[in-house]
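Please look over the sequence and the model shown here, which is a predicted one.

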Amino acid sequence: MSNVIEEAGWKFHWRLTESAGIMVYLADYKGRRVLWEGSLPYVTVDHQRETLDVKDDPGERHGPWWVPLGTRTIQGPVRVQSFRGGVELSATFVAGPYQYTQLWRFHEDGRFAPWVTIYGPGVHDQHTYHPHFRFDFDLDGARDDAFERFEEGRWQRVEEEGWFPYSGEADDKGNVWRQVDFGSGAAINIRPHAWDDAEVFAIRYHDGEWAPFSPRAGAGTQPFPAAYVGNESLDGEDVTLWYVAHVHYDQSFPYTAGPWMRVEGLA
Amino acid sequence: MKKKAKAKAKPAPAAKTAKKPSAKREPNVAKADPALFDPLTPGEVADALRTLAEDKRLATMAKVGRYRVIAAEPLVVKPPHELAGHRLARIVAYDYAADHTVDACVDLDESVVVHLELNKSQPMLSRDEEAMAIDIALSDPRVSEKLHMGEAPQATMHYWGRTPGDLSYARRSAAVVFGRTDGHASIVAVVDLLDLAVTQVVPAEQW
C-alpha cells in the first residue's frame, strides 16, 4: 500500500511510528504546504480513587502510565478509506485493558480531524485519559507564523510560548486557537471537542525537539510538552502546537477526542 | 501537569489582514524530500548503532554494555538547518550502568554522530524491557500467589511514581497489569528495572 495519498484536494504522506501512532507528514491542501508533520505522541492515563468521605480520600496515589501506540500495539493494518467528501486513515491499538483507534480524516472543504477513539475499561472506573497530539504546521512556509487565541470577544495575538487552556470562549464557528501565516494570511483554525477539557501548548519549533519517545522529562520536572515551554517569542517564528485533551472515563465510552481543524485563506 | 500560562497576549488583526513583511525568507520547506521520513532500513539502523557505539564519548557505555536501544527512527530537519536534506537517524538508548538516557542523532550520509545528549529523562521502555518486566513479575511469589486460574499478563505499562517517596519516581520502572483475557484486570505489579525486583503488588481495583 502506498503511503502517499492524493484525494479530496489533499496530498499527504503517512507512516506508522514506534510510539506516536500514525504520523502524517508533508501534507498539502490545494497544492500548498500545510503540515510538516503531525502525530499522537502519547495517551497518558492517571487514576483517582472515589470516596464519599473527603478526609478518607487518598487522592491520586499512583503516578500516570502510558503505552506506546505504534508497531508493538497495532491490531491489524492501517486502513485507508474514502468517504463522501474526503479520505481517512485509521488504526487500532490494544494494550491489555486499553484500546484506542486513531483517526486522521481529511475533507475536501479544508477541514481535517486528528482524532482518537478511546475504548476499554482500564483497571478500574476512576481514571482519566490525556491524549497528546502534536502538530508542526508549516502553512505556506515554516516561519512567519503567529499563534492566536480567542478571548474577550476577539482574536488575541500570543507573543510568547505558553499553555493556553480552553476558557469556554470561542468565535462564532467554535474556534478557540489558530495559527496564522503572515505571508499569505492563511490560517489553521482549531476547534476543540466541547467535552475534551482541552488545552494547547504553543512552543517555538527547534530542530530535533520532537517527541522524545516518552512524556517523562525526568524526576521532579514537568512532563513533556510542558517541559518544552520557556520564554521564547512566537511572533513571526516557526510554531509547534500540542493539543491535549483530558477525558474522564464513564459508562458512555467509547469517546472520541481531538480537535476539528480547518485550513482557511489559501487562495 | 498543568502549568500556569505566562504568555502575554495582545489584540490581533483578522487573519486576512495579518500581513507583515518577511525579514528572512528561508528555503522552501515545501521542497522537502518525503523519502527522508521513511522508516530506517535494518542496514541504516545497524549503521547508526555502529557509528554511535564507536563514538569516543560513549566508549564506557559501549564497553560495559549495559544499555538498551529504545528507538531508532528517522529524523528530518527543516531548511535552513545545515543538516536539512540529510538522511538522519535519531537513536535513543538507556544506559543502565550510568542510569541515564542517551539521545543521539547520526548523519547516515556521513556516518557521523552529529548530536549527542546525556540526560536524566526516561524514554519509553524497549520491547525487551517490557518482556523482562513480565518475567520478573511472574517469578515473584507475591504476584503468583495472587493470580487466579486464567489470569495472565495483559500489558506492560510505562510507569513513573507520583511522589519522591515512591521508588519509581526517579527509577526506571514498569507496571505489569495482570488479568483475564476478557479484559478484566486483577493485579498490578510495579517492577524496578534497575534492581530487577517487584516493588509493589496492588489489587487492580485499588490502583
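## Fold and overall form of chain A

In secondary structure, chain A has 20 strands and zero helices. The radius of gyration of chain A is 18 Å, close to the 18 Å given by the globule rule for 267 residues, so the chain is as compact as a globular protein of that length. Taken along the principal axes, the box filled by the C-alpha atoms of chain A is roughly 60 × 45 × 35 Å.

Among the contacts in chain A with a separation of 6 or more, 63% are accounted for by residues 24 or more positions apart.

## Burial and surface of chain A

Of the 267 residues in chain A, 65% count as buried. The accessible surface of the chain comes to about 8,900 Å², and carbon and sulfur atoms contribute 46% of that area.

In chain B, the loop between strand 6 (152-159) and strand 7 (173-179) holds B:Arg172. B:Arg172 has a relative accessible area of 1%, which is under the 20% cut-off, and therefore counts as buried.

The side chain of B:Arg172 makes a polar contact of 2.8 Å with the side chain of B:Glu129.

Conventions:
Residues numbered from 1 in each chain as written. Chains lettered and ligands numbered in written order. Predicted model: local features only at pLDDT ≥ 70, side-chain atom pairs only at ≥ 80, totals over all residues. Heavy atoms only, no water. Helix = DSSP H or I, 4+ residues; strand = E, 2+ residues; numbered from the N terminus. Rg over C-alpha atoms; globule rule 2.2 N^0.38 Å. Buried < 20%, exposed > 50% of the residue type's maximum accessible area, 1.4 Å probe, protein only. Contact = heavy atoms within 4.5 Å. Areas by Shrake-Rupley, 256 points an atom, 1.4 Å probe, with all protein chains shown as cover. Polar contact = N/O pair within 3.5 Å; in protein donor to acceptor, adjacent residues only side chain to side chain.
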